[in-house]
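Here are my notebook entries from a walk through this model.

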Amino acid sequence: MLRRKCTERQEAMTKILIDCDPGHDDAVAILYAARHLDLIGITTVFGNQSLDHTTRNALSLCRLAGLATPVAMGAARPLVAPPIHGGDIHGKSGIDGADLPQPDRPPESISAVEFILRAARQHRGELVLCAVGPYTNIATALRVEPKLTEWVKAITVMGGTTQIGNTTSVAEFNVYSDPEAADIVFRSGVPLWMVGLNVTRRVGVGEAEIAALRAGGRVARTIGDLMAFFRTSLMEVHGITTASLHDPCALVPFIRPEMIEYRHLPVEIALAEGPTRGMTVCDQRTLTGRKLSVIRNSKAPNCHVALDVRGPELVGHIVEAMHGFA
C-alpha cells in the first residue's frame, strides 16, 4: 500500500476516477492522484495514441508505481467524427522517452462505460470523474444512464482554452478530438471544473526539474526521462520551453484548490465544421441589467473555468509527489 499524507485539505477524502489517454502528462496525473487522492479506477480512451496503446501505457504505469488500481478499456473512436491521435507529440507508443515495464495484468473484463457506471453507483455522491483525454467515455456513460448526473459529485476536465488552441488556432486537442462528447459533458448539469491551455501551459517542468526527477528513485527517474522527451517534442512543435503538466492540473481543485483561480462562467462547445470547431466558447463578459437588442445575453454559468495559476509552486508540489514512490 502507498503511504498517504493526510495533512493537506481534502487529501484522502475525494474518490477519483481518471479517464485518460496516457500520454506523458496523463502519466504524471495518474501518479499525482495516487499520492494524494483515493484513486479507485482508470479508464482509457483513444487520444494521445490508439486505444490499445493508451491502455497498455496505463497498465505499465500501474506496474511501475506498484498500483493495483483497476484499468478498463473505453472508446477507440469519437462519437461522430473519424479518430485522430497525438502520436506526433507523444511518440509511437504514446509515451516515448523511457522503457516502461511490461503490463503484468490485463484490463478489466468490463468496458470503461460499465466501470464508470458501476463506480458511480457504488460511491454515490462521492465520486469525481477526471477526464484528461477526449471525453467520449464519460459522454457515452451519460447517454446510457442519465442518473449518472445525480450519482457523481463533480466532473473535472483538462481541455479547452480561453485563449489560443494547440490543435487549431482556437481548439485544444481533447475537446477537438470529440467535440460532440465535450458538448454532452458541458451540458450535463454536473458541477464542472475546466482547466485549459491558458493555464496549463504555465505549469511545466524545465531542465532543473527534469534533473531533479532523474536524481530520484525509479519512478521519479522514469518520469524525468518521459518529461525530457515531451519537452523536446513541445519545443519542436510549439516552441514551448517546458514540458507542460496539463493533466495533473485537472486534479488540483481536489488536492490544492488554492493553487488555481477559477471563475464560474457559461461555456459552450462549437460543433459546426469550420475554423471554430472544438472551440470552448467561454463567456467572460460582465453585463449589467440593461438590455440591448444587439447584445446576446449571457447564459447561466455551467463551468468553473481556470483563469490563473501559481505555476512554480504547483510544479514543485507535483514533482515532490513523483519522488514519493519507493
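Entry 1: I started with Phe254, which counts as buried because its relative accessibility is 5%; buried means under 20% relative accessible area, exposed over 50% and partly exposed in between, with a 1.4 Å probe and protein chains only. Before going further I noted that this is a predicted model, in which local features need pLDDT of at least 70 and side-chain atom pairs count only at pLDDT 80 or more, while totals for chains, interfaces and linings use all residues. I also noted that residues are numbered from 1 along each chain as its sequence is written, and that side-chain values use heavy atoms, with hydrogens and water left out.

**Entry 2: ring pairs.** How many aromatic pairs does the count come to? My rule was that rings of Phe, Tyr and Trp (its six-membered ring) pair if their centres lie within 6.5 Å, with planes under 30 degrees apart counted as stacked, over 60 as edge-to-face and the rest as tilted. The count by this rule is 1 aromatic pair. Trp193 and Phe254 have ring centres 5.7 Å apart and planes at 70°, so I wrote the pair down as edge-to-face. The pair links distant parts of the chain, 61 residues apart: Trp193 is in strand S6 (residues 192–195), and Phe254 is in the loop between strand S8 (243–244) and strand S9 (260–265). For these labels, helices (H or I, at least four residues) and strands (E, at least two) are DSSP runs, numbered from the N terminus.

**Entry 3: a charge over a ring.** I then found Arg35 over the face of Phe325, at 5.7 Å from the ring centre. A charge sits over a ring if NZ of Lys or CZ of Arg is within 6 Å of the ring centre and within 35 degrees of the ring normal.

**Entry 4: two helices crossing.** I looked up helix H4 (residues 112–122) and helix H5 (residues 136–144), whose axes come within 9 Å and cross at roughly 65°. The axes are lines fitted to C-alpha atoms, for helices over the stretch in contact, and angles run from 0 to 180 degrees between N-to-C directions. Which residues make the contact? From H4 they are Ala112, Val113, Ile116 and Leu117, and from H5 they are Asn137, Ile138, Thr140, Ala141 and Val144; contact means heavy atoms within 4.5 Å. I also checked Glu114, which is in helix H4 and counts as partly exposed at 42% relative accessibility.

**Entry 5: a covered helix.** Is helix H8 (residues 179–186) mostly covered or mostly exposed? I found it mostly covered, with 8 of its 8 residues buried. The buried residues of H8 pack against H5, strand S5 (154–158), helix H7 (173–177), S6, strand S10 (267–269) and strand S12 (303–309).

**Entry 6: Tyr135.** I placed Tyr135 in the loop between strand S4 (127–131) and H5. Tyr135 counts as buried, because its relative accessibility is 1%. Setting aside residues up to four places away in sequence, Tyr135 touches Val157, Met158, Gly159, Asn174, Val175, Ala181, Ala182, Val185 and Phe186. Tyr135 and Gly47 are 88 residues apart in sequence, and their C-alpha atoms are 9.8 Å apart in space.

Entry 7: I noted a cis peptide bond joining Pro22 and Gly23, with omega about -15°. Gly23 is in the loop between strand S1 (15–20) and helix H1 (24–36). Gly125 is in the loop between H4 and S4, and I list Gly125 as partly exposed because its relative accessible area is 46%. Beyond its neighbours within four places in sequence, Gly125 is in contact with Trp151 and Lys153. Not counting residues up to four places away in sequence, Arg63 touches Pro101, Gln102, Pro103 and Asp104.
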